[in-house]
Amino acid sequence: MTELSRRSSQRRTTSPPPHSHHYHSMAPPYAREEPILQDQAPPSYSSLRNLPMIPSPPTDARSIRFRNMLLSLSATPLSWENPGLLDEALRMVPIDRIQTEAEEESMILQAEAESLGKKPEWGYQDCAIKALMKWFKQSFFTWVNNPQCDACFCPTISVGTTAATDDEAARGATRVELYRCSQPECGAFARFPRYSDAFVLLQTRRGRVGEWVSCFGMLCRAMNARVRWVWNSEDHVWLEVYSAHAKRWVHADVCEGVWDRPRLYAEGWRRKLGYCIAFSADGAMDVTRRYCRNPAKYGKERARTPEPCLLHILNEIRSIRRRDMPKQEKFRLEGEDIRERKELQAYVVMAIAAEICKLMPGARADGAQWSDPDAQKAEEARQTGETQYVRAPGQGNRQNPHNPHNPRRDQEGR
Ligand SMILES: [Zn+2]
């Protein structure tokens, strides 16, 4: 930021005063018609830092429906908060192996950082979650599109849904998918009850994205990490884990086995994103900007409610979650929220700066281009995205309408 303001003020000394621009939070300010000319100053960044948005309560039916849906989604990570069950869950985890792996990685990072005179990128706890994710994906949980035939282990074909048995219902299955063996001489049926209870999933150890994220999120809690469940309006879910070492929330997608690649969905998968909202046991935050750095290119229309209403709804959820907390704890969390809003704001500024530099080649006297410090991550996301496309058929259809966490279906009854 300081670098950016320095450069922009340098430009201003030789330019007429900047035009006044008023940006909305997600509106792409650089999607303007005419390119910036050399003799014009970049837009005023101060308008971005002080968005004049006052939260306002939702009043129209659509906004109220969205509020109720978010309120209900926000309860997802609360279901993991059961100390007794978390202790029990931890017994399923090869903790020695994970600790050894985490110690090794954090020692390597420490040594690398020391040789460069820098702080290591990740701390021990971060490395432990990364090791947990690796074990979970490689050895513990299975991805299921169509379940195997129980009788002959052949592939099956979907024949719709069926009623849950008493046992399935007791374990919380609201829906059971039914499949028939593809071998005509066998013809056996295979049931796929869709569980959402993370502790039940510890036993079944299979599912699609909703099951993966729910079970892994609970195990992160069992390892004492702070976890967020991130709902995305384009039918995907993932997690964020708080890194006490990096002092920020870190993207973690267990289905992909990726850590801190927030640009994976937009720039990697070329997916347009509307809303990405993170919920934890102690808060809620609109984190869309972390995942959609270039709203002009990858942003989707946010029409579920006016932006001031969304602010109000998230404030409401935060205050519910923090209602019974000691004052000091609330204060600490508010500080964390402020830091995160600055972080999210900076992504927008960085994207604008990179875009402006593209529009003004050779604008700087030394001929150097200002480059997006996050560009390497974008490149990594693109590469991961390409791998993803190759791997996609075996990994299941992410647009699958049977996703148990498809909030449009579950929450709005569609
Ligand atoms: Zn069969």
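1. Arg270 is found in the loop between α10 (264-268) and β10 (276-280). Helices here are DSSP runs of H or I with at least four residues, strands are runs of E with at least two, and both are numbered from the N terminus. Arg270 has a positive phi of about 55 degrees, although it is not a glycine. At 48% relative accessibility, Arg270 counts as partly exposed. The scale is this: buried means under 20% relative accessible area, exposed means over 50%, and partly exposed lies in between (1.4 Å probe, protein chains only).

2. A word on the basis. This is a predicted model, in which local features need pLDDT of at least 70, side-chain atom pairs count only at pLDDT 80 or more, and totals for chains, interfaces and linings use all residues. Residues are numbered from 1 along each chain as its sequence is written, and side-chain values use heavy atoms, with hydrogens and water left out.

3. Arg205 also has a positive phi, about 50 degrees, and is not a glycine. Arg205 lies in the loop between α8 (198-204) and β5 (206-207). Its relative accessible area is 32%, so Arg205 is partly exposed.

4. The structure holds 18 aromatic pairs. Rings of Phe, Tyr and Trp (its six-membered ring) pair if their centres lie within 6.5 Å; planes under 30 degrees apart count as stacked, over 60 as edge-to-face and the rest as tilted. Phe141 and Trp212 make an edge-to-face pair, 5.6 Å centre to centre with 75 degrees between the planes. Phe141 sits in the loop between α6 (124-140) and β1 (142-143) and Trp212 in helix α9 (residues 209-222), so this pair ties together parts 71 residues apart in sequence. Phe141 is buried at 4% relative accessibility. Trp212 is buried too, at 3%.

5. Trp135, Phe136, Phe140, Phe141, Trp143, Trp212 and Phe216 form one aromatic cluster.

6. Lys134 is found in helix α6. At 42% relative accessibility, Lys134 is partly exposed. Lys134 and Gly257 are 123 residues apart in sequence, yet 6.6 Å apart in space, C-alpha to C-alpha.

7. Which residue lies over the face of Tyr242? Arg226 does, at 4.8 Å from the ring centre. A charge sits over a ring if NZ of Lys or CZ of Arg is within 6 Å of the ring centre and within 35 degrees of the ring normal. Tyr242 is buried, with a relative accessible area of 13%. Arg293 lies over the face of Tyr347, at 3.7 Å from the ring centre.

8. Arg290 lies in helix α11 (residues 288-291). Arg290 is buried, at 2% relative accessible area. The side chains of Arg290 and Glu343 are joined by a polar contact of 3.2 Å. Such a contact is a pair of N or O atoms within 3.5 Å; within protein, one must be able to donate a hydrogen and the other to accept it, and residues adjacent in sequence count only if both atoms are side-chain atoms.

9. The lining of the largest cavity includes Arg226, Trp249 and Asp282. A cavity is a set of points on a 1 Å grid over the protein atoms alone where a 1.4 Å probe fits but cannot get out; lining residues have an atom within 4 Å of a point. The largest share of this lining, three residues, comes from α14. Trp249 is buried at 4% relative accessibility.

Definitions and conventions. On a 1 Å grid over the protein atoms alone, a cavity is a set of points where a 1.4 Å probe fits but cannot get out, and a pocket is an open set with protein on both sides within 12 Å along at least five of seven lines; lining residues have an atom within 4 Å of a point.
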